[in-house]
Amino acid sequence: MTGMPKSIKRFVTSPHLALVLRLYLGLVFIYASMSKIPYPAEFAENLIAYRLFPWWSINLLAVFVPWLELICGLFLVIGLVTRAASFTIGAMLLGFTAAILINIIRGSNISCGCFDSVGPQIGWWEVFRDLSWFALIMQVFFFDRILLLRRGGLGLKNRSLAEAS
C-alpha cells in the first residue's frame, strides 16, 4: 500500500472499519446458520447436491458447519478471539467459493444452500459475494484491534495503537 494516499491507507487499515466489518460479517454468519441448525437434513440434501463430499461425511458436515458458522459469527460480534474466528470464516468462504465454482463449471443446476434450503441456482454472483466477504474478513483479520468486552468500554488492544492515532 505504498502508492496509496495516506487518507485511503488510514481508512483501509482502520480498526474502526474492522469493527464495522466484524459486526456485519458476524451477523451474516449468524443469520446463515439460523436456517441450517434446526433443519440439518435439508442442509445435508444441499451438500449431497454439490457432489463433492464422501457419503460418510455428509451428516457430520450438515451438523458441524452451521454450528461453526454460528460460533464464529458470535465471536466476531462480541469481539472474542476475533483472529481465530476471522481465519475460520475466511477458510470457510474459500471452501464455499471453490465448491460453487466447481459446480458452475460442471453446469449443475443446484441451489446455493447458503441462507435457506431453496433458492435461486448458483451462479457467478455467489462467487463474487463470497470473494468480497473474503476480502472484508481479511481486513478484520489483519486490522481488528478494538475490544468490545473491556472494563472501560470500547478500547484498543494495544496502547501503542491508541497513542499512534
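Predicted model: local features only at pLDDT ≥ 70, side-chain atom pairs only at ≥ 80, totals over all residues.
Val81 counts as partly exposed because its relative accessibility is 46%, where buried is under 20% relative accessible area, exposed is over 50%, and partly exposed falls in between (1.4 Å probe, protein chains only). Val81 sits in the loop between helix 4 and helix 5; helices here are DSSP runs of H or I with at least four residues, strands are runs of E with at least two, and both are numbered from the N terminus. Its phi is near 40°, a positive value in a residue other than glycine. Most residues other than glycine have a negative phi. Arg51 is another case, with phi near 55°. Arg51 belongs to the loop between helix 3 and helix 4, and it counts as exposed because its relative accessibility is 54%.

Residues are numbered from 1 along each chain as its sequence is written, and side-chain values use heavy atoms, with hydrogens and water left out.

As for the overall layout, the protein has 7 helices and 2 strands, in the order α-α-α-α-α-α-β-β-α along the sequence. Of its 165 residues, 39% count as buried. Take the contacts (heavy atoms within 4.5 Å) between residues at least 6 apart in sequence: 62% of them join residues at least 24 apart.

Next comes the inside. A nonpolar core is a set of buried Ala, Val, Leu, Ile, Met, Phe, Trp, Tyr and Cys residues joined through side-chain atoms within 4.5 Å. The largest one has 14 residues, of which Phe29, Leu76, Ile89, Leu93 and Ile137 touch the most other members. Helix 2 (15-34), helix 4 (55-78), helix 5 (82-106) and helix 6 (124-143) each give two or more residues to this core, and helix 2 gives the most, with 5. Leaving out residues up to four places away in sequence, Leu76 touches Arg22, Leu25, Gly26, Thr82, Ala85, Ser86, Ile89, Ile137 and Val140. Another core, of 9 residues, lies apart from the largest one, and its members include Tyr50, Ala99, Ile100 and Val127.

The 25 residues of helix 5 should span 36 Å at 1.5 Å a residue, and its end C-alpha atoms are 36 Å apart, which agrees; the expected span is 1.5 Å times one less than the number of residues. The buried residues of helix 5 include Thr82, Ile89, Leu93, Thr97, Ala99 and Ile100, and the buried set packs against helix 2, helix 3, helix 4 and helix 6. Thr97 is buried because its relative accessible area is 5%. Not counting residues up to four places away in sequence, Thr97 touches Val127, Asp130 and Leu131. In helix 6, the buried residues include Val127, Asp130, Trp133 and Ile137. Their cover includes helix 1 (6-12), helix 2, helix 4 and helix 5. For helix 6, 20 residues should span 28 Å, and the end C-alpha atoms are 29 Å apart, which agrees.

On a 1 Å grid over the protein atoms alone, a cavity is a set of points where a 1.4 Å probe fits but cannot get out, and a pocket is an open set with protein on both sides within 12 Å along at least five of seven lines; lining residues have an atom within 4 Å of a point. Grid points are joined across faces, edges and corners, and a volume is the space filled by probe spheres set on the points. The largest pocket has a volume of about 400 Å³. Of its 26 lining residues, Phe43, Leu47, Val65, Glu69 and Phe96 are the closest to the centre. Helix 5 gives the most to the lining, with 6 residues. The lining has 19 nonpolar, 3 polar and 4 charged residues, with Ala, Val, Leu, Ile, Met, Phe, Trp, Tyr, Cys and Pro counted as nonpolar, Asp, Glu, Lys and Arg as charged, and the others, Gly among them, as polar.

The count of cavities of 30 Å³ or more comes to 1. The largest cavity holds about 40 Å³ of space, and its lining residues include Tyr39, Phe43, Asn46 and Asp116.
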